[in-house]
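Q: Could you walk me through this model, starting with how its chains are related?

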2 protein chains.
Amino acid sequence: LRLKMPAPPRADNEILYLGIDGGGSKCRAQIVAASGETLGTGLGGPANPFHNMQQTIDSILAATTHALNDANIPVDDINRLIAGVGLAGVNVPGVLHKMKQWQHPFRELFLTTDLHIACLGVHGGKDGAVLVCGTGSCGYAYVQNVATTFGGHGFPCGDKGSGAWLGLEAVRAVLLAFDGLGTATQLTQLLAADLKAEGLMMVDAMTSAKPNDYARLARWVFAAADNGDHVAQGILRDSADYLSALADKLLQTGAPRFSFIGGISAQLTPWLTPAVASRLSEPLGQPEEGAIYFARQQS
Amino acid sequence: LRLKMPAPPRADNEILYLGIDGGGSKCRAQIVAASGETLGTGLGGPANPFHNMQQTIDSILAATTHALNDANIPVDDINRLIAGVGLAGVNVPGVLHKMKQWQHPFRELFLTTDLHIACLGVHGGKDGAVLVCGTGSCGYAYVQNVATTFGGHGFPCGDKGSGAWLGLEAVRAVLLAFDGLGTATQLTQLLAADLKAEGLMMVDAMTSAKPNDYARLARWVFAAADNGDHVAQGILRDSADYLSALADKLLQTGAPRFSFIGGISAQLTPWLTPAVASRLSEPLGQPEEGAIYFARQQS
(Lines give C-alpha, C1' and ligand atoms only; values in the text may rest on other atoms or scores of the structure.)
Protein backbone atom coordinates (compact mmCIF):
# COMPACT_ATOMS: atom_id res chain seq x y z
CA LEU A 1 0.00 0.00 0.00
CA ARG A 2 1.32 3.37 -1.00
CA LEU A 3 0.27 6.39 1.10
CA LYS A 4 0.36 9.71 -0.65
CA MET A 5 0.25 13.26 0.67
CA PRO A 6 -2.72 15.19 -0.67
CA ALA A 7 -1.62 16.96 -3.86
CA PRO A 8 -1.04 20.70 -3.51
CA PRO A 9 -3.66 22.78 -5.30
CA ARG A 10 -2.68 23.54 -8.89
CA ALA A 11 -3.74 26.18 -11.34
CA ASP A 12 -6.17 24.67 -13.87
CA ASN A 13 -4.10 26.02 -16.72
CA GLU A 14 -0.76 24.74 -15.44
CA ILE A 15 1.13 22.84 -18.09
CA LEU A 16 1.64 19.16 -17.31
CA TYR A 17 3.95 16.82 -19.14
CA LEU A 18 3.28 13.15 -19.82
CA GLY A 19 6.07 10.75 -20.66
CA ILE A 20 5.15 7.43 -22.27
CA ASP A 21 7.56 4.54 -22.70
CA GLY A 22 5.81 1.94 -24.80
CA GLY A 23 7.22 -1.54 -25.07
CA GLY A 24 6.34 -5.00 -26.26
CA SER A 25 5.28 -6.23 -22.83
CA LYS A 26 4.19 -3.07 -21.01
CA CYS A 27 3.76 0.68 -21.20
CA ARG A 28 4.97 3.13 -18.54
CA ALA A 29 3.54 6.60 -17.99
CA GLN A 30 4.89 9.43 -15.87
CA ILE A 31 3.34 12.86 -15.28
CA VAL A 32 5.47 15.81 -14.21
CA ALA A 33 4.70 19.43 -13.49
CA ALA A 34 6.38 22.31 -15.32
CA SER A 35 8.63 22.55 -12.25
CA GLY A 36 9.93 19.05 -13.00
CA GLU A 37 8.22 17.53 -9.96
CA THR A 38 6.91 14.01 -10.57
CA LEU A 39 3.17 13.93 -9.84
CA GLY A 40 2.25 10.36 -10.71
CA THR A 41 3.16 7.19 -12.59
CA GLY A 42 1.12 4.44 -14.21
CA LEU A 43 1.49 1.09 -15.98
CA GLY A 44 -0.36 -0.22 -19.03
CA GLY A 45 -0.25 -3.30 -21.21
CA PRO A 46 1.80 -3.98 -24.35
CA ALA A 47 2.38 -1.00 -26.63
CA ASN A 48 4.08 -2.07 -29.84
CA PRO A 49 2.25 -0.49 -32.80
CA PHE A 50 4.19 -2.73 -35.19
CA HIS A 51 2.32 -5.71 -33.74
CA ASN A 52 -1.00 -4.18 -32.67
CA MET A 53 -2.04 -0.56 -33.20
CA GLN A 54 -5.31 -0.60 -31.21
CA GLN A 55 -3.72 -2.37 -28.25
CA THR A 56 -0.95 0.23 -28.27
CA ILE A 57 -3.45 3.07 -28.04
CA ASP A 58 -5.42 1.25 -25.32
CA SER A 59 -2.25 0.63 -23.31
CA ILE A 60 -1.11 4.26 -23.57
CA LEU A 61 -4.53 5.46 -22.37
CA ALA A 62 -4.61 2.90 -19.54
CA ALA A 63 -1.14 3.87 -18.31
CA THR A 64 -2.05 7.57 -18.55
CA THR A 65 -5.29 7.08 -16.62
CA HIS A 66 -3.40 5.26 -13.87
CA ALA A 67 -0.82 8.05 -13.75
CA LEU A 68 -3.57 10.70 -13.52
CA ASN A 69 -5.23 8.76 -10.71
CA ASP A 70 -1.86 8.37 -9.01
CA ALA A 71 -1.39 12.16 -9.28
CA ASN A 72 -4.92 12.89 -7.97
CA ILE A 73 -5.68 14.71 -11.21
CA PRO A 74 -9.20 14.29 -12.67
CA VAL A 75 -9.18 12.01 -15.72
CA ASP A 76 -10.99 14.75 -17.68
CA ASP A 77 -7.80 16.81 -17.38
CA ILE A 78 -6.12 14.43 -19.84
CA ASN A 79 -6.48 17.27 -22.36
CA ARG A 80 -4.03 19.34 -20.29
CA LEU A 81 -1.17 16.91 -20.90
CA ILE A 82 1.64 17.55 -23.33
CA ALA A 83 2.68 14.03 -24.18
CA GLY A 84 6.06 12.73 -25.27
CA VAL A 85 5.58 9.18 -26.52
CA GLY A 86 8.35 6.74 -27.38
CA LEU A 87 7.35 3.59 -29.22
CA ALA A 88 9.17 0.70 -30.84
CA GLY A 89 8.42 0.28 -34.50
CA VAL A 90 7.62 3.90 -35.37
CA ASN A 91 10.88 3.98 -37.36
CA VAL A 92 9.17 1.56 -39.74
CA PRO A 93 7.41 3.48 -42.53
CA GLY A 94 3.70 2.74 -42.41
CA VAL A 95 3.63 2.20 -38.66
CA LEU A 96 4.50 5.86 -38.05
CA HIS A 97 1.91 6.95 -40.61
CA LYS A 98 -0.87 4.92 -38.96
CA MET A 99 0.11 6.04 -35.47
CA LYS A 100 -0.03 9.70 -36.50
CA GLN A 101 -3.65 9.26 -37.55
CA TRP A 102 -4.67 8.63 -33.91
CA GLN A 103 -7.20 11.24 -32.71
CA HIS A 104 -5.51 11.41 -29.29
CA PRO A 105 -7.04 13.20 -26.25
CA PHE A 106 -3.89 15.11 -25.22
CA ARG A 107 -3.20 18.84 -25.63
CA GLU A 108 -0.29 17.85 -27.82
CA LEU A 109 1.40 14.59 -28.70
CA PHE A 110 5.01 14.27 -29.80
CA LEU A 111 5.93 10.89 -31.14
CA THR A 112 9.38 9.37 -31.42
CA THR A 113 11.13 6.03 -31.17
CA ASP A 114 11.62 4.02 -27.99
CA LEU A 115 15.35 4.36 -28.65
CA HIS A 116 15.24 8.14 -28.72
CA ILE A 117 13.51 8.42 -25.34
CA ALA A 118 15.77 5.73 -23.87
CA CYS A 119 18.80 7.73 -25.03
CA LEU A 120 17.39 11.00 -23.65
CA GLY A 121 16.57 9.31 -20.34
CA VAL A 122 20.00 7.73 -20.03
CA HIS A 123 21.83 11.00 -20.73
CA GLY A 124 19.63 13.44 -18.78
CA GLY A 125 18.06 14.90 -21.91
CA LYS A 126 21.44 15.61 -23.51
CA ASP A 127 23.27 14.19 -26.53
CA GLY A 128 24.66 10.70 -26.25
CA ALA A 129 24.55 7.13 -27.46
CA VAL A 130 23.07 3.92 -26.13
CA LEU A 131 23.70 0.29 -26.90
CA VAL A 132 20.57 -1.69 -26.00
CA CYS A 133 20.54 -5.43 -25.49
CA GLY A 134 17.55 -7.29 -24.10
CA THR A 135 15.22 -9.51 -26.11
CA GLY A 136 16.44 -7.50 -29.13
CA SER A 137 19.59 -5.50 -29.77
CA CYS A 138 20.15 -2.05 -31.19
CA GLY A 139 22.42 0.96 -31.17
CA TYR A 140 21.25 4.56 -31.14
CA ALA A 141 23.00 7.92 -31.04
CA TYR A 142 21.53 11.40 -30.85
CA VAL A 143 24.15 14.05 -31.52
CA GLN A 144 23.48 17.66 -32.58
CA ASN A 145 19.91 16.91 -33.66
CA VAL A 146 20.94 13.96 -35.76
CA ALA A 147 19.65 10.51 -34.83
CA THR A 148 21.63 7.49 -36.00
CA THR A 149 20.45 3.92 -35.58
CA PHE A 150 22.45 0.75 -36.05
CA GLY A 151 21.26 -2.82 -35.86
CA GLY A 152 17.85 -3.80 -34.59
CA HIS A 153 15.87 -5.00 -37.63
CA GLY A 154 14.07 -7.70 -35.63
CA PHE A 155 14.57 -11.39 -34.93
CA PRO A 156 15.70 -13.62 -36.61
CA CYS A 157 17.07 -11.46 -39.48
CA GLY A 158 18.60 -8.85 -37.20
CA ASP A 159 18.90 -8.27 -33.42
CA LYS A 160 22.26 -10.00 -33.53
CA GLY A 161 23.83 -10.66 -30.14
CA SER A 162 20.48 -10.13 -28.37
CA GLY A 163 18.78 -12.38 -25.84
CA ALA A 164 16.65 -13.95 -28.57
CA TRP A 165 19.76 -14.45 -30.70
CA LEU A 166 21.62 -16.07 -27.78
CA GLY A 167 18.68 -18.41 -27.17
CA LEU A 168 18.51 -19.41 -30.83
CA GLU A 169 22.26 -20.03 -30.97
CA ALA A 170 21.97 -22.12 -27.80
CA VAL A 171 19.24 -24.32 -29.33
CA ARG A 172 21.26 -24.62 -32.55
CA ALA A 173 24.39 -25.63 -30.62
CA VAL A 174 22.46 -28.29 -28.71
CA LEU A 175 21.02 -29.72 -31.95
CA LEU A 176 24.47 -29.78 -33.61
CA ALA A 177 25.90 -31.60 -30.59
CA PHE A 178 22.91 -33.98 -30.63
CA ASP A 179 23.84 -34.97 -34.21
CA GLY A 180 27.53 -35.29 -33.35
CA LEU A 181 28.18 -32.37 -35.71
CA GLY A 182 29.06 -29.86 -33.00
CA THR A 183 31.03 -29.82 -29.76
CA ALA A 184 29.36 -31.34 -26.70
CA THR A 185 28.07 -28.57 -24.44
CA GLN A 186 26.56 -28.07 -20.99
CA LEU A 187 23.75 -26.28 -22.81
CA THR A 188 22.32 -29.71 -23.70
CA GLN A 189 21.52 -30.49 -20.06
CA LEU A 190 20.57 -26.91 -19.16
CA LEU A 191 18.09 -26.51 -22.01
CA ALA A 192 16.69 -30.00 -21.51
CA ALA A 193 15.99 -29.19 -17.85
CA ASP A 194 14.47 -25.80 -18.70
CA LEU A 195 12.29 -27.03 -21.57
CA LYS A 196 11.60 -30.40 -19.92
CA ALA A 197 12.45 -31.87 -23.32
CA GLU A 198 15.44 -33.53 -24.94
CA GLY A 199 16.56 -34.05 -28.54
CA LEU A 200 13.61 -34.06 -30.92
CA MET A 201 11.22 -33.14 -28.10
CA MET A 202 13.15 -29.86 -27.76
CA VAL A 203 12.24 -29.07 -31.37
CA ASP A 204 8.64 -29.80 -30.42
CA ALA A 205 8.92 -27.43 -27.44
CA MET A 206 10.32 -24.60 -29.59
CA THR A 207 7.67 -24.88 -32.32
CA SER A 208 6.25 -21.41 -32.98
CA ALA A 209 8.56 -19.96 -30.32
CA LYS A 210 8.57 -16.15 -30.24
CA PRO A 211 11.63 -13.92 -29.67
CA ASN A 212 10.68 -13.76 -25.97
CA ASP A 213 10.75 -17.56 -25.75
CA TYR A 214 14.24 -17.68 -27.23
CA ALA A 215 15.42 -14.79 -25.05
CA ARG A 216 14.26 -16.65 -21.95
CA LEU A 217 16.92 -19.27 -22.74
CA ALA A 218 19.77 -16.73 -22.82
CA ARG A 219 20.30 -17.16 -19.06
CA TRP A 220 21.63 -20.68 -19.71
CA VAL A 221 24.26 -19.38 -22.10
CA PHE A 222 25.60 -17.16 -19.33
CA ALA A 223 25.33 -19.99 -16.78
CA ALA A 224 27.22 -22.45 -19.00
CA ALA A 225 29.86 -19.86 -19.94
CA ASP A 226 30.43 -19.02 -16.26
CA ASN A 227 30.93 -22.72 -15.71
CA GLY A 228 33.65 -22.92 -18.36
CA ASP A 229 31.60 -24.23 -21.31
CA HIS A 230 33.49 -23.38 -24.51
CA VAL A 231 30.42 -23.50 -26.77
CA ALA A 232 28.52 -21.02 -24.59
CA GLN A 233 31.62 -18.85 -24.31
CA GLY A 234 31.92 -18.85 -28.10
CA ILE A 235 28.30 -17.74 -28.46
CA LEU A 236 28.82 -14.90 -25.97
CA ARG A 237 32.04 -13.88 -27.71
CA ASP A 238 30.21 -13.68 -31.07
CA SER A 239 27.46 -11.64 -29.45
CA ALA A 240 29.87 -9.25 -27.73
CA ASP A 241 32.10 -8.88 -30.80
CA TYR A 242 29.11 -7.74 -32.82
CA LEU A 243 27.87 -5.44 -30.05
CA SER A 244 31.35 -3.97 -29.62
CA ALA A 245 31.58 -3.26 -33.36
CA LEU A 246 28.17 -1.62 -33.13
CA ALA A 247 29.36 0.44 -30.13
CA ASP A 248 32.41 1.60 -32.14
CA LYS A 249 30.02 2.85 -34.84
CA LEU A 250 28.01 4.70 -32.19
CA LEU A 251 31.11 6.34 -30.73
CA GLN A 252 32.19 7.48 -34.20
CA THR A 253 29.12 9.76 -34.23
CA GLY A 254 30.92 11.92 -31.66
CA ALA A 255 28.46 11.07 -28.90
CA PRO A 256 29.81 12.74 -25.73
CA ARG A 257 28.32 10.09 -23.46
CA PHE A 258 27.70 6.36 -23.95
CA SER A 259 25.75 3.74 -21.97
CA PHE A 260 24.85 0.06 -22.28
CA ILE A 261 21.29 -0.76 -21.21
CA GLY A 262 18.72 -3.55 -21.55
CA GLY A 263 17.90 -6.81 -19.81
CA ILE A 264 21.22 -8.60 -20.44
CA SER A 265 23.54 -5.57 -20.66
CA ALA A 266 25.04 -6.13 -17.19
CA GLN A 267 25.84 -9.78 -17.94
CA LEU A 268 27.30 -8.95 -21.35
CA THR A 269 29.43 -5.99 -20.21
CA PRO A 270 32.46 -8.14 -19.18
CA TRP A 271 32.48 -9.58 -22.73
CA LEU A 272 32.75 -6.21 -24.52
CA THR A 273 36.12 -5.14 -25.89
CA PRO A 274 38.19 -3.13 -23.36
CA ALA A 275 38.06 -0.06 -25.65
CA VAL A 276 34.26 -0.08 -25.62
CA ALA A 277 34.00 -0.97 -21.92
CA SER A 278 36.24 1.99 -21.00
CA ARG A 279 33.78 4.41 -22.60
CA LEU A 280 30.73 3.26 -20.60
CA SER A 281 28.85 5.71 -18.35
CA GLU A 282 26.10 4.90 -15.85
CA PRO A 283 22.56 5.47 -17.17
CA LEU A 284 21.08 8.58 -15.46
CA GLY A 285 17.36 7.91 -15.90
CA GLN A 286 14.55 5.85 -17.33
CA PRO A 287 12.99 6.01 -20.82
CA GLU A 288 9.75 7.57 -19.55
CA GLU A 289 11.85 10.44 -18.18
CA GLY A 290 13.43 10.67 -21.62
CA ALA A 291 9.92 10.94 -23.09
CA ILE A 292 9.29 13.93 -20.82
CA TYR A 293 12.56 15.57 -21.89
CA PHE A 294 11.38 15.03 -25.46
CA ALA A 295 7.94 16.57 -24.81
CA ARG A 296 9.60 19.62 -23.21
CA GLN A 297 12.05 20.00 -26.10
CA GLN A 298 9.32 19.79 -28.74
CA SER A 299 6.60 21.95 -27.13
CA LEU B 1 -5.71 -33.38 -72.31
CA ARG B 2 -4.47 -36.87 -71.54
CA LEU B 3 -5.95 -39.76 -73.51
CA LYS B 4 -5.79 -43.17 -71.89
CA MET B 5 -6.28 -46.65 -73.25
CA PRO B 6 -9.13 -48.47 -71.51
CA ALA B 7 -7.67 -50.37 -68.54
CA PRO B 8 -7.38 -54.12 -69.04
CA PRO B 9 -9.88 -56.10 -66.95
CA ARG B 10 -8.49 -56.94 -63.51
CA ALA B 11 -9.47 -59.56 -60.99
CA ASP B 12 -11.46 -57.89 -58.21
CA ASN B 13 -9.20 -59.45 -55.63
CA GLU B 14 -5.94 -58.40 -57.25
CA ILE B 15 -3.63 -56.69 -54.78
CA LEU B 16 -2.96 -53.04 -55.56
CA TYR B 17 -0.30 -50.88 -53.95
CA LEU B 18 -0.63 -47.19 -53.19
CA GLY B 19 2.40 -45.01 -52.63
CA ILE B 20 1.90 -41.65 -50.94
CA ASP B 21 4.56 -38.94 -50.75
CA GLY B 22 3.22 -36.25 -48.44
CA GLY B 23 4.91 -32.87 -48.35
CA GLY B 24 4.40 -29.37 -47.07
CA SER B 25 3.10 -28.04 -50.37
CA LYS B 26 1.59 -31.10 -52.08
CA CYS B 27 0.89 -34.80 -51.83
CA ARG B 28 1.66 -37.31 -54.61
CA ALA B 29 -0.07 -40.66 -55.02
CA GLN B 30 0.84 -43.56 -57.27
CA ILE B 31 -1.03 -46.86 -57.71
CA VAL B 32 0.77 -49.94 -59.01
CA ALA B 33 -0.34 -53.50 -59.68
CA ALA B 34 1.30 -56.51 -58.02
CA SER B 35 3.20 -56.90 -61.31
CA GLY B 36 4.84 -53.50 -60.70
CA GLU B 37 2.93 -51.84 -63.53
CA THR B 38 1.97 -48.23 -62.76
CA LEU B 39 -1.81 -47.87 -63.10
CA GLY B 40 -2.36 -44.23 -62.15
CA THR B 41 -1.04 -41.18 -60.35
CA GLY B 42 -2.69 -38.29 -58.53
CA LEU B 43 -1.90 -35.00 -56.80
CA GLY B 44 -3.34 -33.58 -53.58
CA GLY B 45 -2.78 -30.54 -51.39
CA PRO B 46 -0.35 -30.04 -48.49
CA ALA B 47 0.20 -33.08 -46.30
CA ASN B 48 2.30 -32.16 -43.28
CA PRO B 49 0.65 -33.61 -40.14
CA PHE B 50 2.99 -31.55 -37.96
CA HIS B 51 1.23 -28.41 -39.24
CA ASN B 52 -2.29 -29.70 -39.95
CA MET B 53 -3.53 -33.21 -39.31
CA GLN B 54 -6.98 -32.93 -40.95
CA GLN B 55 -5.57 -31.25 -44.06
CA THR B 56 -3.01 -34.06 -44.33
CA ILE B 57 -5.74 -36.70 -44.29
CA ASP B 58 -7.83 -34.72 -46.80
CA SER B 59 -4.83 -34.33 -49.13
CA ILE B 60 -3.95 -38.04 -48.98
CA LEU B 61 -7.56 -38.96 -49.83
CA ALA B 62 -7.73 -36.39 -52.64
CA ALA B 63 -4.48 -37.60 -54.20
CA THR B 64 -5.62 -41.22 -53.88
CA THR B 65 -9.01 -40.46 -55.47
CA HIS B 66 -7.28 -38.77 -58.40
CA ALA B 67 -4.93 -41.73 -58.79
CA LEU B 68 -7.88 -44.18 -58.73
CA ASN B 69 -9.68 -42.11 -61.39
CA ASP B 70 -6.47 -41.93 -63.39
CA ALA B 71 -6.26 -45.74 -63.20
CA ASN B 72 -9.95 -46.21 -64.13
CA ILE B 73 -10.51 -48.00 -60.84
CA PRO B 74 -13.83 -47.33 -59.02
CA VAL B 75 -13.32 -45.11 -55.98
CA ASP B 76 -15.11 -47.72 -53.85
CA ASP B 77 -12.13 -49.99 -54.48
CA ILE B 78 -10.05 -47.77 -52.21
CA ASN B 79 -10.35 -50.60 -49.67
CA ARG B 80 -8.31 -52.83 -52.01
CA LEU B 81 -5.23 -50.62 -51.69
CA ILE B 82 -2.23 -51.50 -49.56
CA ALA B 83 -0.85 -48.07 -48.81
CA GLY B 84 2.70 -47.00 -48.06
CA VAL B 85 2.62 -43.46 -46.75
CA GLY B 86 5.63 -41.22 -46.16
CA LEU B 87 5.06 -38.03 -44.23
CA ALA B 88 7.24 -35.30 -42.80
CA GLY B 89 6.89 -34.86 -39.07
CA VAL B 90 5.90 -38.42 -38.13
CA ASN B 91 9.34 -38.76 -36.51
CA VAL B 92 8.05 -36.24 -33.95
CA PRO B 93 6.45 -38.07 -31.02
CA GLY B 94 2.82 -37.02 -30.74
CA VAL B 95 2.42 -36.44 -34.46
CA LEU B 96 2.95 -40.13 -35.17
CA HIS B 97 0.57 -41.05 -32.35
CA LYS B 98 -2.21 -38.83 -33.71
CA MET B 99 -1.67 -39.98 -37.27
CA LYS B 100 -1.97 -43.62 -36.24
CA GLN B 101 -5.44 -42.95 -34.81
CA TRP B 102 -6.76 -42.22 -38.33
CA GLN B 103 -9.58 -44.62 -39.29
CA HIS B 104 -8.26 -44.90 -42.86
CA PRO B 105 -10.22 -46.54 -45.73
CA PHE B 106 -7.35 -48.66 -47.10
CA ARG B 107 -6.91 -52.42 -46.78
CA GLU B 108 -3.71 -51.70 -44.89
CA LEU B 109 -1.71 -48.57 -44.16
CA PHE B 110 2.01 -48.53 -43.44
CA LEU B 111 3.30 -45.22 -42.18
CA THR B 112 6.87 -43.99 -42.25
CA THR B 113 8.82 -40.77 -42.68
CA ASP B 114 9.14 -38.77 -45.90
CA LEU B 115 12.88 -39.39 -45.61
CA HIS B 116 12.49 -43.16 -45.51
CA ILE B 117 10.42 -43.29 -48.71
CA ALA B 118 12.72 -40.77 -50.42
CA CYS B 119 15.69 -42.99 -49.55
CA LEU B 120 13.90 -46.14 -50.80
CA GLY B 121 12.92 -44.36 -54.00
CA VAL B 122 16.41 -43.04 -54.64
CA HIS B 123 18.04 -46.44 -54.13
CA GLY B 124 15.49 -48.69 -55.88
CA GLY B 125 14.11 -50.05 -52.59
CA LYS B 126 17.58 -51.04 -51.34
CA ASP B 127 19.80 -49.80 -48.50
CA GLY B 128 21.42 -46.40 -48.89
CA ALA B 129 21.69 -42.85 -47.68
CA VAL B 130 20.34 -39.51 -48.86
CA LEU B 131 21.32 -35.96 -48.15
CA VAL B 132 18.29 -33.75 -48.74
CA CYS B 133 18.50 -30.01 -49.26
CA GLY B 134 15.55 -27.92 -50.37
CA THR B 135 13.59 -25.55 -48.15
CA GLY B 136 14.93 -27.64 -45.26
CA SER B 137 17.97 -29.89 -44.91
CA CYS B 138 18.39 -33.37 -43.55
CA GLY B 139 20.41 -36.56 -43.78
CA TYR B 140 18.98 -40.06 -43.68
CA ALA B 141 20.45 -43.54 -43.96
CA TYR B 142 18.71 -46.91 -44.01
CA VAL B 143 21.17 -49.74 -43.60
CA GLN B 144 20.34 -53.29 -42.48
CA ASN B 145 16.96 -52.31 -41.06
CA VAL B 146 18.40 -49.44 -39.07
CA ALA B 147 17.29 -45.90 -39.87
CA THR B 148 19.58 -43.05 -38.89
CA THR B 149 18.65 -39.39 -39.19
CA PHE B 150 20.92 -36.37 -38.91
CA GLY B 151 19.99 -32.72 -39.01
CA GLY B 152 16.56 -31.49 -39.95
CA HIS B 153 14.97 -30.14 -36.75
CA GLY B 154 13.20 -27.30 -38.57
CA PHE B 155 13.92 -23.66 -39.33
CA PRO B 156 15.36 -21.52 -37.77
CA CYS B 157 16.81 -23.79 -35.03
CA GLY B 158 17.91 -26.50 -37.43
CA ASP B 159 17.83 -27.09 -41.21
CA LYS B 160 21.31 -25.62 -41.42
CA GLY B 161 22.61 -25.05 -44.94
CA SER B 162 19.09 -25.33 -46.39
CA GLY B 163 17.34 -22.94 -48.77
CA ALA B 164 15.59 -21.23 -45.85
CA TRP B 165 18.91 -20.98 -44.02
CA LEU B 166 20.62 -19.50 -47.11
CA GLY B 167 17.83 -16.94 -47.44
CA LEU B 168 18.07 -15.94 -43.79
CA GLU B 169 21.85 -15.62 -44.00
CA ALA B 170 21.43 -13.49 -47.13
CA VAL B 171 19.04 -11.10 -45.37
CA ARG B 172 21.36 -10.97 -42.35
CA ALA B 173 24.36 -10.18 -44.56
CA VAL B 174 22.48 -7.37 -46.30
CA LEU B 175 21.46 -5.85 -42.95
CA LEU B 176 25.02 -6.07 -41.61
CA ALA B 177 26.31 -4.34 -44.76
CA PHE B 178 23.52 -1.76 -44.45
CA ASP B 179 24.84 -0.84 -40.98
CA GLY B 180 28.45 -0.80 -42.17
CA LEU B 181 29.09 -3.78 -39.87
CA GLY B 182 29.54 -6.34 -42.64
CA THR B 183 31.20 -6.53 -46.04
CA ALA B 184 29.37 -4.86 -48.94
CA THR B 185 27.67 -7.50 -51.06
CA GLN B 186 25.82 -7.87 -54.35
CA LEU B 187 23.06 -9.45 -52.28
CA THR B 188 21.98 -5.92 -51.29
CA GLN B 189 20.92 -5.08 -54.84
CA LEU B 190 19.63 -8.56 -55.65
CA LEU B 191 17.39 -8.78 -52.57
CA ALA B 192 16.22 -5.18 -52.96
CA ALA B 193 15.13 -5.94 -56.53
CA ASP B 194 13.44 -9.19 -55.54
CA LEU B 195 11.63 -7.82 -52.49
CA LYS B 196 11.04 -4.40 -54.09
CA ALA B 197 12.31 -3.02 -50.79
CA GLU B 198 15.55 -1.58 -49.45
CA GLY B 199 17.01 -1.16 -45.97
CA LEU B 200 14.30 -0.95 -43.33
CA MET B 201 11.61 -1.68 -45.92
CA MET B 202 13.25 -5.07 -46.41
CA VAL B 203 12.60 -5.82 -42.74
CA ASP B 204 8.98 -4.82 -43.37
CA ALA B 205 8.84 -7.19 -46.35
CA MET B 206 10.20 -10.13 -44.31
CA THR B 207 7.84 -9.65 -41.35
CA SER B 208 6.24 -13.01 -40.56
CA ALA B 209 8.18 -14.62 -43.42
CA LYS B 210 7.89 -18.42 -43.47
CA PRO B 211 10.70 -20.88 -44.30
CA ASN B 212 9.40 -20.96 -47.90
CA ASP B 213 9.76 -17.17 -48.15
CA TYR B 214 13.36 -17.33 -46.99
CA ALA B 215 14.11 -20.29 -49.26
CA ARG B 216 12.83 -18.34 -52.25
CA LEU B 217 15.75 -15.92 -51.72
CA ALA B 218 18.38 -18.68 -51.88
CA ARG B 219 18.59 -18.26 -55.67
CA TRP B 220 20.25 -14.86 -55.15
CA VAL B 221 22.98 -16.37 -53.01
CA PHE B 222 23.88 -18.69 -55.89
CA ALA B 223 23.61 -15.83 -58.41
CA ALA B 224 25.88 -13.53 -56.39
CA ALA B 225 28.38 -16.32 -55.68
CA ASP B 226 28.53 -17.19 -59.39
CA ASN B 227 29.26 -13.52 -60.01
CA GLY B 228 32.24 -13.53 -57.62
CA ASP B 229 30.57 -12.09 -54.50
CA HIS B 230 32.67 -13.10 -51.49
CA VAL B 231 29.84 -12.75 -48.95
CA ALA B 232 27.56 -15.06 -50.94
CA GLN B 233 30.45 -17.47 -51.49
CA GLY B 234 31.10 -17.50 -47.75
CA ILE B 235 27.45 -18.33 -47.05
CA LEU B 236 27.51 -21.20 -49.56
CA ARG B 237 30.79 -22.47 -48.13
CA ASP B 238 29.26 -22.55 -44.61
CA SER B 239 26.23 -24.36 -45.97
CA ALA B 240 28.27 -26.94 -47.91
CA ASP B 241 30.74 -27.48 -45.05
CA TYR B 242 27.87 -28.39 -42.76
CA LEU B 243 26.20 -30.59 -45.39
CA SER B 244 29.51 -32.31 -46.16
CA ALA B 245 30.02 -33.05 -42.45
CA LEU B 246 26.50 -34.42 -42.36
CA ALA B 247 27.25 -36.56 -45.45
CA ASP B 248 30.36 -37.93 -43.73
CA LYS B 249 28.16 -39.04 -40.83
CA LEU B 250 25.78 -40.72 -43.27
CA LEU B 251 28.58 -42.57 -45.03
CA GLN B 252 29.90 -43.81 -41.68
CA THR B 253 26.70 -45.87 -41.35
CA GLY B 254 28.07 -48.12 -44.09
CA ALA B 255 25.42 -47.08 -46.63
CA PRO B 256 26.33 -48.85 -49.90
CA ARG B 257 24.81 -46.05 -52.03
CA PHE B 258 24.54 -42.31 -51.46
CA SER B 259 22.63 -39.53 -53.26
CA PHE B 260 22.05 -35.80 -52.85
CA ILE B 261 18.47 -34.70 -53.60
CA GLY B 262 16.17 -31.72 -53.03
CA GLY B 263 15.47 -28.39 -54.67
CA ILE B 264 18.94 -26.88 -54.36
CA SER B 265 21.03 -30.07 -54.35
CA ALA B 266 22.25 -29.61 -57.95
CA GLN B 267 23.40 -26.04 -57.27
CA LEU B 268 25.11 -27.00 -54.00
CA THR B 269 26.88 -30.11 -55.35
CA PRO B 270 29.96 -28.19 -56.65
CA TRP B 271 30.43 -26.79 -53.11
CA LEU B 272 30.59 -30.17 -51.36
CA THR B 273 33.98 -31.50 -50.30
CA PRO B 274 35.64 -33.65 -53.02
CA ALA B 275 35.49 -36.70 -50.73
CA VAL B 276 31.73 -36.40 -50.41
CA ALA B 277 31.17 -35.46 -54.06
CA SER B 278 33.09 -38.57 -55.20
CA ARG B 279 30.60 -40.80 -53.38
CA LEU B 280 27.47 -39.42 -55.09
CA SER B 281 25.21 -41.70 -57.15
CA GLU B 282 22.29 -40.67 -59.37
CA PRO B 283 18.86 -40.97 -57.74
CA LEU B 284 16.97 -43.93 -59.29
CA GLY B 285 13.37 -42.98 -58.50
CA GLN B 286 10.86 -40.74 -56.77
CA PRO B 287 9.64 -40.81 -53.16
CA GLU B 288 6.18 -42.12 -54.11
CA GLU B 289 7.94 -45.12 -55.69
CA GLY B 290 9.81 -45.48 -52.43
CA ALA B 291 6.45 -45.50 -50.62
CA ILE B 292 5.37 -48.43 -52.80
CA TYR B 293 8.61 -50.32 -52.06
CA PHE B 294 7.82 -49.71 -48.40
CA ALA B 295 4.22 -51.01 -48.73
CA ARG B 296 5.49 -54.14 -50.50
CA GLN B 297 8.19 -54.74 -47.87
CA GLN B 298 5.77 -54.36 -44.96
CA SER B 299 2.75 -56.27 -46.29
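A: In this predicted model, chain A can be laid on chain B with an RMSD of 0.1 Å by a turn of 180° and a shift of 0.1 Å along the axis, where the copies are superposed by least squares on the C-alpha atoms of residues with pLDDT of at least 70 in both. That is the relation of a two-fold axis.

Q: Which residue of chain A comes closest to the rotation axis?
A: Pro156(A) does, with its C-alpha at 4.0 Å.

Q: And what surface serves the copies?
A: Both use the same surface, since 100% of the contact residues of chain A recur in chain B, contact meaning heavy atoms within 4.5 Å.

Q: Switching to helices, at what angle do H5 and H8 of chain A pack?
A: Helix H5 (residues 187–195) and helix H8 (residues 218–226) of chain A pack at about 145°, with their axes 10 Å apart; helices are DSSP runs of H or I with at least four residues, numbered from the N terminus, and angles run from 0 to 180 degrees between N-to-C directions of axes fitted to C-alpha atoms over the stretch in contact.

Q: Which residues make that contact?
A: H5(A) brings Leu187(A), Leu190(A), Leu191(A) and Asp194(A), while H8(A) brings Trp220(A), Val221(A) and Ala224(A).

Q: Last one: how many residues of helix H3 in chain A are buried?
A: Eight of the nine residues in H3(A) (residues 114–122) are buried, that is, under 20% relative accessible area with a 1.4 Å probe, counting protein chains only. Among them are His116(A) and Cys119(A).

Q: How are things numbered and counted?
A: Residues are numbered from 1 along each chain as its sequence is written, and chains are lettered from A in the order in which they are written. Local features need pLDDT of at least 70, and side-chain atom pairs count only at pLDDT 80 or more, whereas totals for chains, interfaces and linings use all residues, and side-chain values use heavy atoms, leaving out hydrogens and water.

Definitions and conventions. Helices (H or I, at least four residues) and strands (E, at least two) are DSSP runs, numbered from the N terminus. Buried means under 20% relative accessible area, exposed over 50%, partly exposed in between (1.4 Å probe, protein chains only).
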